[in-house]
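Subject: Structure handover

Hello,

Here is the structure we talked about handing over. Please look through it first; my notes on what was found follow below.

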2 protein chains.
Amino acid sequence: MAGEQQPPPKPELVLLDFSVSPYGQRCRIALAEKGLDYEYSEQNLLGAKSDLLLRSNPVHKRIPVLLHDGHPVCESLVILAYLDEAFPDAAPALLPSDPYARARARFWAAYTDKVYEAGTRLWKLKGDARAQARDEIVRVLGNLDAELGDKKFFGGDVFGLVDVALVPFVPWLPSYERYGELSVEETAPRLPAWARRCAERDSVAKSLHPPEKVDEFITLLKKVYGIERSAGVEDRTSR
Amino acid sequence: MAGEQQPPPKPELVLLDFSVSPYGQRCRIALAEKGLDYEYSEQNLLGAKSDLLLRSNPVHKRIPVLLHDGHPVCESLVILAYLDEAFPDAAPALLPSDPYARARARFWAAYTDKVYEAGTRLWKLKGDARAQARDEIVRVLGNLDAELGDKKFFGGDVFGLVDVALVPFVPWLPSYERYGELSVEETAPRLPAWARRCAERDSVAKSLHPPEKVDEFITLLKKVYGIERSAGVEDRTSR
């Protein structure tokens with residue numbers, strides 16, 4: 001077989017994930033944007049965790065984890081940065097090239113986590129704690145709306161890191177509106193049109209779940225945790 | 001003056017900071033490692049915040065903020081990444097070049113924040129909440145010790161991102177030991193020698209405060225916050 005060229009072996013990518021997880025969805029969206037094939041490995045987060053997950057992420061013991069030729073990369077924003085850097089030819093990059101624009105994107109991508117953190121407190125807690133969570137999520141959504149401004153996407157004309165980080169929380173917003181008695185349309189009037197622009201992308205459309213399914217999942221989590229135990233319970237669905 | 005070459009204008013770097021802040025110290029260490037000149041602007045965090053700080057970081061309203069030719073970069077880990085990318089000729093880079101090693105460094109750099117978060121709960125809270133914080137910081141220090149292993153620095157032989165992120169918390173450890181009734185030597189037996197190796201660097205030695213000064217600062221913060229108000233009070237010294 002001299003002269004027969006073997007193609008280089010494809011990198012083996014496995015994503016340990018949980019379908020409803022917005023942090024996992026970030027990774028699925030990024031992998032789809034980059035056209036990278038991967039094996040999806042659904043993890044059981046409400047029962048016993050798999051040996052593979054515990055071995056791959058012994059520190060946090062949570063999804064998402066990207067295994068690249070067996071080497072684990074943990075935490076969604078770390079995974080997104082890794083995909084940009086380990087697969088530079090798999091365009092488009094999620095981060096822009098300008099250092100200042102990159103810093104700005106990193107700042108806001110990290111900030112999007114606050115939507116989920118405050119949102120989780122909204123449905124887990126009651127009374128004053130819930131009222132504080134409501135104030136927080138209103139402030140967070142308002143800041144995100146101001147940062148988006150009249151741009152098409154957070155980075156400008158191109159779908160990028162902040163969009164990938166934030167858009168998986170969109171299907172959670174109707175539940176947050178109900179638990180927090182708030183209106184996203186009033187709080188962040190430019191986010192709904194941005195969310196629709198994102199949803200036009202195959203990468204987003206095929207990764208997100210409908211709001212009804214998210215709401216059912218929140219109801220399930222409330223049962224699993226129990227309302228009275230809610231304050232101190234670790235959120236097992238993130239990052 | 002034809003033929004007379006003007007040197008390019010030096011970038012103007014201003015660091016809005018607070019001397020005791022470990023998050024600010026991360027930036028000071030990185031700037032010193034890279035040999036970048038900057039103006040240090042001490043901020044009053046216990047009284048009214050300056051217009052400059054509020055304008056530069058309207059979202060979090062906290063230090064550190066790096067102004068580069070007037071453009072603000074906020075959050076210490078974002079600033080560290082920015083320094084690597086905006087000043088690539090100011091060696092050494094804090095992050096290694098290999099994508100997987102970069103992902104690993106980012107994961108652990110973010111993880112170091114948990115030392116301060118759990119430590120703050122140690123001195124702010126009481127009873128069960130303090131006991132939980134104690135368990136948490138013991139786990140966190142143990143994980144960091146395991147990651148360090150027998151390496152000289154977290155990234156290997158070279159002082160890098162995780163070292164810069166973690167070392168400013170070292171002077172807080174004696175206070176955490178006292179409030180948490182724990183021993184760092186027992187919990188994380190390899191960290192003390194690592195801390196001494198870091199402290200041999202000028203960048204670190206000139207940026208950190210002695211543990212006694214940190215302990216005085218904690219005592220001051222306890223008075224400012226008031227013990228009973230401690231549970232819900234925002235920590236105004238970070239990030």
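A salt bridge here is a side-chain nitrogen of Lys or Arg within 4 Å of a carboxyl oxygen of Asp or Glu. By that rule, the structure holds 24 salt bridges over all chains. Please keep in mind that this is a predicted model.

Salt bridges between the chains

Of the salt bridges, four are counted between chain B and chain A. In one of these contacts, the side chain of Glu85(A) meets that of Arg102(B), with an N to O distance of 2.7 Å. Glu85(A) sits in helix 3 (residues 76–86) of chain A and Arg102(B) in helix 4 of chain B, so this pair joins two chains. There is also a salt bridge between Arg102(A) and Glu85(B), with 2.7 Å from N to O.

The rest of the interface

Chain A gives 23 residues to the contact, and chain B gives 23 residues. About 1,900 Å² is buried between chain B and chain A, and carbon and sulfur atoms give 70% of that area. Six residue pairs are in polar contact across the interface of chain B and chain A, both residues of each pair being at pLDDT 80 or more.

Which elements supply the side of chain B that touches chain A? Strand 4 (71–74), helix 3 (76–86) and helix 4 (99–124) of chain B each give two or more residues to that side. Helix 4 of chain B has the largest share, with nine residues. By residue class, the side of chain B that touches chain A has 14 nonpolar, four polar and five charged residues.

In chain A, strand 1 (residues 13–17) and strand 2 (residues 39–42) run parallel and are joined by four bridges. Leu15(A) has Tyr40(A) as its bridge partner in strand 2 of chain A. From strand 1 of chain A, the chain passes through helix 1 (residues 22–33) to strand 2, in a β-α-β crossover that is right-handed.

In chain B, four bridges likewise join strand 1 (residues 13–17) to strand 2 (residues 39–42), and these strands run parallel. Asp17(B) has its bridge partner, Glu42(B), in strand 2 of chain B. The path from strand 1 of chain B to strand 2 of chain B goes through helix 1 (residues 22–33), and this β-α-β crossover is right-handed.

Regards

Terms used. Residues are numbered from 1 along each chain as its sequence is written. Chains are lettered from A and ligands numbered from 1 in the order in which they are written. Side-chain values use heavy atoms; hydrogens and water are left out. Contact means heavy atoms within 4.5 Å. Buried area is the accessible area (1.4 Å probe) that two parts lose on being put together, summed over both. A polar contact is a pair of N or O atoms within 3.5 Å; within protein, one must be able to donate a hydrogen and the other to accept it, and residues adjacent in sequence count only if both atoms are side-chain atoms. Ala, Val, Leu, Ile, Met, Phe, Trp, Tyr, Cys and Pro count as nonpolar, Asp, Glu, Lys and Arg as charged, and the others, Gly among them, as polar. Two strands pair if DSSP finds at least two bridges between them. A crossover is right-handed if, with the strands pointing away from the viewer, the path from the first strand over the helix to the second runs clockwise.
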